[in-house]
Amino acid sequence: MVVVGGYGAVGATVAATLEGWFPGRVVVAGRDEARARLLGGVRADVADPDGFRRTLEELGDVAAVVLCVEPPDTGVARVCLERGVHLVDIGATRRLLDGVADLHDLAAGAGATAVLSVGVAPGLTNLLARRVHEAVGGAERIDLTVLLGAGERHGADAVRWTVEGLAGPVAEAPLRTTLPGHGRRTAHPFPFSDQHTLPRTLGVEQVTTRLCLDSKPLASALFGLRAAARSPAVGGGRGGPPPPPPPPAVRRALTAAFSRIHLGGDGFAVRADARRGDLHAACAVTGREQSRMTALAAAYATRALLTGVLPVGVHHIEQLPALAELPESLGAHGLTIWHRADKLGP
């Protein structure tokens, strides 16, 4: 199997975990040939699908590819799936996830499986959403809250993606909620892909995901910069015109905040709330090192692929019953599951 970006913040843990389970079967790949070669790997550029195809041909019998870096389009996914190579994609950009989902028939015809929405958000958020959705017998609304540790150092892709999210339009209001180990927090709407995927996969009319940080001062600064990037006279809410792009200075400030300012810890929390009429169900998980947990989730999904328990085609993680107990599996790595009975609060 090939782990693309296997020397990065997430990919290194994916590669090491899979190597422990499947000794001698893991190849590290990436655009930085020198770093890949140091780990006995090869060069592979996700922006060059033709070159990626040649790399797969040279490697020979590749069972699965784990994408730990985000490609510019679906070219690499198509290359893998049309060859019958399984795919695990930790990407979080809605446009790309939708594009890979459109390759379902191609994958199924070639006998390949792709697993999308793998990680913490999307990923654990999707799995918890399914649990609370089923707990109320079919939710009318699901609210997802993600708290990230501001002290954790993230890779360049994660920083870029977060800044783009902070610069994007806002359609919902902030929400006060209780997160285990972190107390009451104000979470702000953030364009995680799960809130666009789950209405389709679960049939829930309204899903909103919100973000907060463990460092309250940094959270106030970041979301203050977000507000500064918008003109009060311009909409951006539901039904209104989108706000203009934030000035370059604001983007630079946001990037600097996430790249160089580490005021918090490395803990994270995810909470899902489902409501149907008077019924309410809530579930949460807490852990440390969000990047590590994303990598472990990807490794477990890849192991499920290689053991043949997943159906062919392209599926988001919440659509795969074989991965429904992933939070329990991650308990061995420090993930804790909380329910309303654990006094999650309203």
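Biologist: Why is C212 called buried in this predicted model?

Modeller: C212 has a relative accessible area of 2%, and buried means under 20%, so C212 is called buried.

Biologist: What makes C68 buried rather than exposed?

Modeller: The relative accessible area of C68 is 12%, and because the cut-off for buried is under 20%, C68 is also classed as buried.

Biologist: How many disulfides does the count give?

Modeller: A disulfide would be a pair of cysteine sulfur atoms within 2.5 Å, and by this rule the count comes to zero.

Biologist: Why are β3 and β13 said to stand at the edges of the sheet?

Modeller: The open sheet has seven strands in the order β3-β2-β1-β4-β5-β6-β13, with parallel pairing. β3 (42-43) and β13 (313-316) each have a single partner strand, so one side of each is left without a neighbour in the sheet.

Biologist: How do you know that β2 and β3 pair?

Modeller: Pairing requires at least two bridges between the strands, and β2 (residues 27-30) joins β3 in the parallel sense over two bridges, so the two strands count as a pair. Within β3, V42 is the bridge partner of A29.

Biologist: What is the handedness of the crossing of α7 and α9, and which residues make the contact?

Modeller: The crossing is right-handed, and the contact is made by A121, P122, T125, N126, A129 and R130 of α7 together with D194, T197, L198 and T201 of α9. By class, this contact has four nonpolar, four polar and two charged residues. The axes of α7 (residues 120-135) and α9 (residues 194-201) come within 10 Å and cross at roughly 35°.

Terms used:
Residues numbered from 1 in each chain as written. Predicted model: local features only at pLDDT ≥ 70, side-chain atom pairs only at ≥ 80, totals over all residues. Heavy atoms only, no water. Axes fitted to C-alpha atoms, helices over the stretch in contact; angles between N-to-C directions. Helix = DSSP H or I, 4+ residues; strand = E, 2+ residues; numbered from the N terminus. Left-handed = near helix turned anticlockwise from the far one by under 90°. Contact = heavy atoms within 4.5 Å. Nonpolar A, V, L, I, M, F, W, Y, C, P; charged D, E, K, R; others polar. Buried < 20%, exposed > 50% of the residue type's maximum accessible area, 1.4 Å probe, protein only.
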